[in-house]
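Trainee: Please pick one part of this structure and take a close look at it with me. Then widen the view step by step.

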Amino acid sequence: MLPRLMLSSAERNTAQTCRRLSFSFARPSPPLSNFRIPLEPSSRRLLLSCNAQITRSGRHGDPLAAQSTFDRMPFRDVVSWTALLTAYADNGQISAARRVFDEMPSRNTASWNAMMTAYARSSRLAEASELFARMPGRNAVSYGAMISGFAKNGMMKEAEEVYQAMPRRWRDPVATHALICGYLREGKLDLATQVFEAMEVRDVFSWSSMVDGYCKCGRVCDARELFDAMPEKNVVSWTAMIQGCVRSGMWEDGFRLFLQMRRECVSFNSMTLSVMVDACSALDRIREGIQCHALILALGLQNDVFLGNSIIVMYARARWMDDARRSFNCMSIKDLVSWNSLIAGYIQDDALEAANELFEAMPEKDIISWTSMVVGFSKRGWISESVRLFQEMPEKDEIAWTAIISAFVANGKHENAILWFNCMVDEGFRPSAQALSSVLSASANLVILDVGMHIHACTIKTNLESDVAVQSSLVSMYAKCGSVTDAYHIFLSIGEPNLVTVNAMVTAFSQHGLVKEALELLEDMQRYGCKPNHVTFLGILSACAHAGLVDEGYKHFKSMTTLYCVEPGLDHYTCMVDLLGRSGLLREAVDLINSLPLSPHSAIWGALLNASSIHSHLEFAELAAQRLLELEPNNSAAYSVLSNMYGLAVNKKSEERMRMTQMSNGVRKTPGYSWVIFDNALRQLNM
């Protein structure tokens, strides 16, 4: 049953007139492409009405209704055929559009352009080029469609060739704008600028594209100069300029532009407001974000899904989860991004139970939903739940695999990380930089050089050896596996080391007692454009402690606050206690602990206990052991060290008391173990 035509009263009157003229919708007459006799006014009105109905159906996403109208038309012209072709093309049915094109009794330039544009938009440029070559008569639209199609698909050489062949009078502004957008898409701002400056006729779209291009290349001042010179601005140009300012950290300028936009009564859209909300979110300007939210409500845009999602993300980043949930509940239409954004917010806020409740209530889940929960359970330390969810996932991608591998590493399950990485590769997934970095960390922690070298080979095969995170992990892996020379070779191969890689190398030198090299690298950091941070100083102080360089250690410890504005943490104080204790300055070490602005953690007392043992200072050893056991009652090292010191001091009574206390508390020494590769599998060898 064909659907009935939806006709207005005037159209129904025209249809009745046609029926009086013996035209029938049920039995269409043979199509006429060129009418040899003029149509009567009533017939002409019917033809125009049906053509308009075909166009409307196509625009409303219903090409079948367009086909139905077309089939019941008593007569058709070339506009009818072209409208039907366009209805199919606009709804992605390119094959059906081509069938209509091939069946057309005759074609005009608009017909050729419609088919060619459909191919170009679908990235089927070979078919588009074939039609373009066959066209009997081209116009500006024909050339523009080809240039736009080539440019959007990164085929700039072909786009340039068509542009050069295009008559100059047709180039500006549409075709030239398409060429400019192609250059900007590839980051070729200089070429885009040359074409723009050569334009004889510029429209607001060309100006806006250049403003956006300058902003995306970080040249915000140049973009602002161009923006101010625009003879006419629209919402796109205003939004591009505002977005450029806020992304470059020029928040105040962006906000002033937004206020100026409102004062000049420019009608902004949801994209403009989304840019402002995202900026408030990224820059932690929650007060301004609330004002934007109020404006959205005042304008009645609260049902815009895109804006609603931005609001959820803003409140979630600020950890205002009640407001994020209220915004979510007020949305009449929610998409997957809405659900996933709220789940991610709960996980960030460590509200795993709320996240899981929301996850279970989702009407449909995608890979992002599942992966978020895998990460959430991992952060809570519930690695078995992460594994269960991962195994239940209906489909997995590289991001999901990376999440579970990283979960194993974060929870100390390094052997599982390596085994699951091998499964990921065996199933045909390409490892990401984060996955490679995580499994390199696992190899380093297990001190398995062979596995680490195998992963290094994977980074080369996947062309990820130049990734900063991977390079840093390679340096750490080789250093922890005892091959500091290989670590340094990788470091030297990095063209422009960043702070992460420099820190990795400093730590490597420190771990291997290469104090001179670590200190030289600290001096060279300025040459690399890096400023030392807390990780850098942790490596430097640790190196000084192992070498017994008290004065050098003190100098760098003081420079943290005086030169680099880095506030020392408990780990830095631990290094200083270790440095003083190893050098026999136990009283100074205790004084430093007593002067701490923070409560000492177990590592500080452990460092003092170790130093007291080295220098056989029983009084300080007893103090350190007592405080250490208060923090960690099951720390077997405290019992063992103090018991041995009592034995050396020929204090058999205290030695026996310590052993009895350890036994009564059920504290046992943790056995050592090593990892070996046997039959291509990792196995734990207990010592």
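Mentor: Start with P363. P363 counts as exposed because its relative accessibility is 68%. Exposed means over 50% relative accessible area, buried under 20%, and partly exposed in between, with a 1.4 Å probe and protein chains only. Keep in mind that this is a predicted model: local features need pLDDT of at least 70, side-chain atom pairs count only at pLDDT 80 or more, and totals for chains, interfaces and linings use all residues. Residues are numbered from 1 along each chain as its sequence is written, and side-chain values use heavy atoms, without hydrogens and water.

Where does P363 lie? P363 sits in the loop between helix 21 (352-361) and helix 22 (367-380). Helices (H or I, at least four residues) and strands (E, at least two) are DSSP runs, numbered from the N terminus. Now look back along the chain to D335. P363 and D335 are 28 residues apart in sequence, and their C-alpha atoms are separated by 9.9 Å.

Both positions fall in a listed span. Residues 139-173 are 83% helix and 0% strand, with end C-alpha atoms 14 Å apart. Residues 498-532 are 66% helix and 0% strand, and their end C-alpha atoms lie 11 Å apart.

S57 belongs to helix 2 (residues 41-59). S57 counts as buried because its relative accessible area is 6%. Which residues does S57 touch, leaving out those up to four places away in sequence? They are D62, P63, A65 and A66. Contact means heavy atoms within 4.5 Å.

Last, the whole chain. The protein chain has 39 helices and two strands. Of its 687 residues, 48% count as buried. Take contacts between residues at least 6 apart in sequence: 56% of them join residues at least 24 apart. The chain exposes about 34800 Å², and carbon and sulfur atoms supply 52% of that. Accessible areas come from the Shrake-Rupley method with a 1.4 Å probe; for residues, only the protein chains shown count as cover.
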